[in-house]
Amino acid sequence: MNKVNYQKELDKIIENNTGTKPRLLLHSCCAPCSSYVLEYLSRNFDITVFYFNPNISPKDEYIKRVDEVKRLIKEMPACADVKFIEGRYEPSEFYEAAKGLEDAPEGGERCLKCFELRLNEAAKTAAETGAEYVCTTLTISPLKNAENLNRIGEETAARYGVKWLPSDFKKKNGYKRSIELSNEYNLFRQNYCGCVFSKRTV
């Protein structure tokens, strides 16, 4: 089976966009990862950033990260028309999803459950707000498997009747550009993914 080139799939969708920009609900994991994605997609989509990350611990870390996303949207010229929605912060939802997988390796089954939790909520919110597409900034990370994220994204989007926007944002030097933008806007860069289990590996 040929491996899907998600960047090429995204390029095709952008090329076929004509007229008004399609509405996109973009799940954001953090400001550094969002920086390049927003710069890249804002030319072609009407974006609402959705911040839903109940996996982040402790609460002050969550607050730091969500505040940085808000600041980035306010300060980056490419985000002039970008809207923002903050989802609920209920860490118990993450712990329920991760139950029995506390000792799973980083990047394994626990992370897949976490992705499903967050992308399901993003797809649900996309449907509720009338967005045509839903997507996540998570594929920019060299530590995240784009194939897994796109598969889960497609499944959750189909559940709510919205289109999944395929992506592998680390392509086209996306990750490198995110580091440049993080430095330019002096963004807070965390040294672990977000949950208590990922922090153990730091």
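Arg110 is buried, with a relative accessible area of 3%, where buried denotes under 20% relative accessible area, exposed over 50% and partly exposed the range in between, with a 1.4 Å probe and protein chains only. The model is a predicted one, in which local features need pLDDT of at least 70 and side-chain atom pairs count only at pLDDT 80 or more, whereas totals for chains, interfaces and linings use all residues. Residues are numbered from 1 along each chain as its sequence is written, and side-chain values use heavy atoms, with hydrogens and water left out.

Arg110 is placed in helix α5; helices (H or I, at least four residues) and strands (E, at least two) are DSSP runs numbered from the N terminus. The side chain of Arg110 is joined to that of Glu106 by a polar contact of 2.9 Å. A polar contact is a pair of N or O atoms within 3.5 Å; within protein, one atom must be able to donate a hydrogen and the other to accept it, and residues adjacent in sequence count only if both atoms are side-chain atoms. When neighbours within four places in sequence are left aside, the contacts of Arg110 are Ala98, Leu101, Glu102, Asp103, Ala104, Cys195, Phe197 and Ser198, contact being defined as heavy atoms within 4.5 Å.

The protein chain contains 8 helices and 5 strands, arranged along the sequence in the pattern α-β-α-β-α-β-α-α-β-α-β-α-α. For 202 residues, a compact globule would have a radius of gyration near 17 Å, and the 16 Å of the protein chain agrees with this; the radius is taken over C-alpha atoms, and the globule rule is 2.2 Å times the number of residues to the power 0.38. The C-alpha trace spans about 50 × 40 × 35 Å along its principal axes. Of the 202 residues, 52% count as buried. Among contacts between residues at least 6 apart in sequence, 76% join residues at least 24 apart. The protein chain exposes about 9,900 Å², of which carbon and sulfur atoms supply 49%; accessible areas come from the Shrake-Rupley method with a 1.4 Å probe, and for residues only the protein chains shown count as cover.

The strands form an open sheet of 5 strands in the order β3-β2-β1-β4-β5, with parallel pairing. The edge strands are β3 (83-86) and β5, each of which pairs on one side only; two strands pair if DSSP finds at least two bridges between them. Strands β2 and β3 are paired in the parallel sense over 4 bridges, and Phe50 has Ile85 in β3 as its bridge partner. Strands β1 and β2 are likewise parallel, over 5 bridges, with Arg23 opposite Asp46 in β2.

Helix α2 is largely enclosed by the rest of the structure, because 10 of its 11 residues are buried. These buried residues are Ala31, Pro32, Cys33, Ser34, Ser35, Tyr36, Val37, Leu38, Tyr40 and Leu41. Their cover includes α1, β1, β2, α3 and α7 (174-184). Asp11, which lies in helix α1, makes a side-chain polar contact of 3.3 Å with the side chain of Tyr40. Not counting residues up to four places away in sequence, Asp11 touches Tyr40 and Lys172.

The largest nonpolar core has 60 residues, of which Leu38 and Leu41 touch the most other members. Such a core is a set of buried Ala, Val, Leu, Ile, Met, Phe, Trp, Tyr and Cys residues joined through side-chain atoms within 4.5 Å. Two or more core residues come from each of α1 (6-16), β1 (23-27), α2 (31-41), β2 (46-51), α3 (59-75), α5 (109-129), β4 (133-136) and α6 (146-160). The largest share, 9 residues, is supplied by α5. Beyond its neighbours within four places in sequence, Leu41 is in contact with Leu10, Ile14, Leu24, Ile47, Leu165 and Phe169.
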